[in-house]
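Subject: Structure handover

Hello,

Here is the structure we spoke about, followed by notes on what was found in it. Please read the notes with the model open.

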Amino acid sequence: MAGQRSTFIATLAILLLSFVCSTQARRIKRLDQQLSARTKPMDLSKFQVPLSNGSATLPSPTTGLSLKAITLGRGTQNYTCAAGSTAPPVAIGAKANLLDVSSLLPLIPSPNKAQTILNLLPQYLVSFDFSVIQNASIPILGKHIFDAAGVPVFDLGSKGVLRAKKIAGIAAPKTASKGANGQGDGAVDWLALTEVEGSVGLKECYRVETAGGKPPASCGGGVARSIEVQYATQYWFFG
C-alpha cells in the first residue's frame with residue numbers, strides 16, 4: 001500500500017512539475033526513463049474515453065475500432081471580429097501541440113488512478129506557456145491545426161493523420177476550468193469527430209475534459225481583429 005501511494009505521488013509530480021522549468025524537466029525526464037525501463041507498457045484498451053458531462057453524452061466510438069493514442073492538447077482556439085461588430089467572435093480554427101502521455105501511464109498503479117490524473121491535467125496545463133511545455137519531459141506526439149479549407153487536421157506522425165469533421169458536441173461541465181488560472185470566458189464544448197478523405201491510420205477523435213478556449217460573448221465594436229484564446233484538453237484517437 002505504501003509503495004503504491006509513493007508511486008502515485010511520484011507520478012503526479014512528474015506530470016505536473018515537469019512543466020515548471022527546463023532544468024527540472026530534464027531531471028524528471030531521467031527519472032521517467034529510469035522508472036519506465038522497469039515497467040511494462042500500459043494497455044490502452046483498459047482506458048475509457050469520458051463521454052458524459054453529467055447531463056448529456058457523446059456517441060461511443062465505433063465498434064471494432066481500438067484506442068491508438070491519448071494526448072493532451074495545449075494551444076489556442078482562434079476567432080475573428082469584423083470592424084465595429086458587437087456580435088460574438090467567429091471561430092476560424094485552432095492550433096495546438098499534442099502531448100503524448102502514454103509513456104507515463106505505466107508509472108501509475110491502476111488505470112482508474114491514471115484516468116483521474118489525466119482528467120485533472122487540462123485545468124493545470126492551460127495555465128502554462130508553450131515555451132515551458134516545449135521544454136517539458138512529456139514528448140510532443142503531434143500537432144493540431146486547421147488547413148486552408150477549414151478542415152481540422154491532427155498529425156500524429158507514425159501513428160497517423162486524422163482529417164476530421166464534427167459529428168456531435170456537448171457543453172463542457174459547469175465545473176470545467178474557464179481558462180488560465182481559472183479565469184476566462186469558459187471551456188469549449190466536448191466533441192466527437194470522424195474521418196474525412198485524406199486521413200491515414202486514424203478514424204475518430206474525441207475532444208473531452210476541456211479547459212478554456214471560449215471567446216468573449218461579444219466583439220465589443222472597435223477595429224477588426226483576431227482573438228486567440230488559450231485552451232487545454234484531452235484528445236483520444238481511435239483507428
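Cys205 is buried, with a relative accessible area of 0%; buried means under 20% relative accessible area, exposed over 50%, and partly exposed in between, with a 1.4 Å probe and protein chains only. This is a predicted model, in which local features need pLDDT of at least 70 and side-chain atom pairs count only at pLDDT 80 or more, while totals for chains, interfaces and linings use all residues. Residues are numbered from 1 along each chain as its sequence is written, and side-chain values use heavy atoms, with hydrogens and water left out.

Cys205 stands opposite Phe237 in β8. Strand β7 covers residues 204–212, and nine of its nine residues are buried. Helices (H or I, at least four residues) and strands (E, at least two) are DSSP runs, numbered from the N terminus. Two strands count as paired if DSSP finds at least two bridges between them. On one side, β7 runs antiparallel to strand β6 (residues 190–195), joined by four bridges; Thr194 has Glu204 of β7 as its bridge partner. Seven bridges join β7 to strand β8 (residues 225–238), again antiparallel. Strand β6 also pairs with strand β5 (residues 161–170), in the antiparallel sense and over six bridges. There, Leu193 in β6 is the bridge partner of Lys166.

The barrel and the chain as a whole

Eight strands close into a barrel in the order β1-β2-β3-β4-β5-β6-β7-β8, with antiparallel pairing. The twist from one strand to the next averages 30 degrees, where axes are lines fitted to C-alpha atoms (for helices over the stretch in contact) and angles run from 0 to 180 degrees between N-to-C directions. The chain holds four helices and eight strands, and from the N terminus on its elements run α-α-β-β-α-α-β-β-β-β-β-β. Of the 239 residues in the chain, 44% are buried. Among contacts in the chain with a separation of 6 or more, 74% are between residues 24 or more positions apart; contact means heavy atoms within 4.5 Å.

Aromatic pairs

How many aromatic pairs does a search of the whole structure find? It finds four. Rings of Phe, Tyr and Trp (its six-membered ring) pair if their centres lie within 6.5 Å; planes under 30 degrees apart count as stacked, over 60 as edge-to-face and the rest as tilted. One of the pairs is Phe154 with Phe237: the ring centres are 5.4 Å apart and the planes are at 70 degrees, so the pair is edge-to-face. This pair links distant parts of the chain, with Phe154 in strand β4 (residues 152–155) and Phe237 in strand β8, 83 residues apart. Phe154 and Phe237 are both buried. Tyr206 and Phe238 also form an edge-to-face pair, at 5.8 Å centre to centre and 80 degrees between the planes. Tyr206 lies in strand β7 and Phe238 in strand β8, so the pair ties together parts that are 32 residues apart in sequence. Tyr206 and Phe238 are both buried. Ring pairs also link Phe154, Tyr235 and Phe237 into a cluster.

With a disulfide taken as a pair of cysteine sulfur atoms within 2.5 Å, the count comes to one. Cys81 and Cys219 form it, with their sulfur atoms 2.0 Å apart. The pair links distant parts of the chain: Cys81 is in strand β1 (residues 67–81) and Cys219 in the loop between β7 and β8, 138 residues apart. The link of Cys81 and Cys219 is left-handed, with -85 degrees about the S-S bond. Both Cys81 and Cys219 are buried.

Gly84 sits in the loop between β1 and β2 (90–100). At 47% relative accessibility, Gly84 counts as partly exposed. The C-alpha atoms of Gly84 and Cys219 are separated by 8.1 Å, and the two residues are 135 residues apart along the chain. Leaving aside neighbours within four places in sequence, Gly84 is in contact with Gly221 and Gly222.

Helix α3

Helix α3 (residues 111–125) has 15 residues, which at 1.5 Å a residue should span 21 Å; its end C-alpha atoms are 21 Å apart, which agrees. The expected span is 1.5 Å times one less than the number of residues. The buried residues of α3 are Ala114, Gln115, Ile117, Leu118, Leu121, Pro122 and Leu125.

Regards
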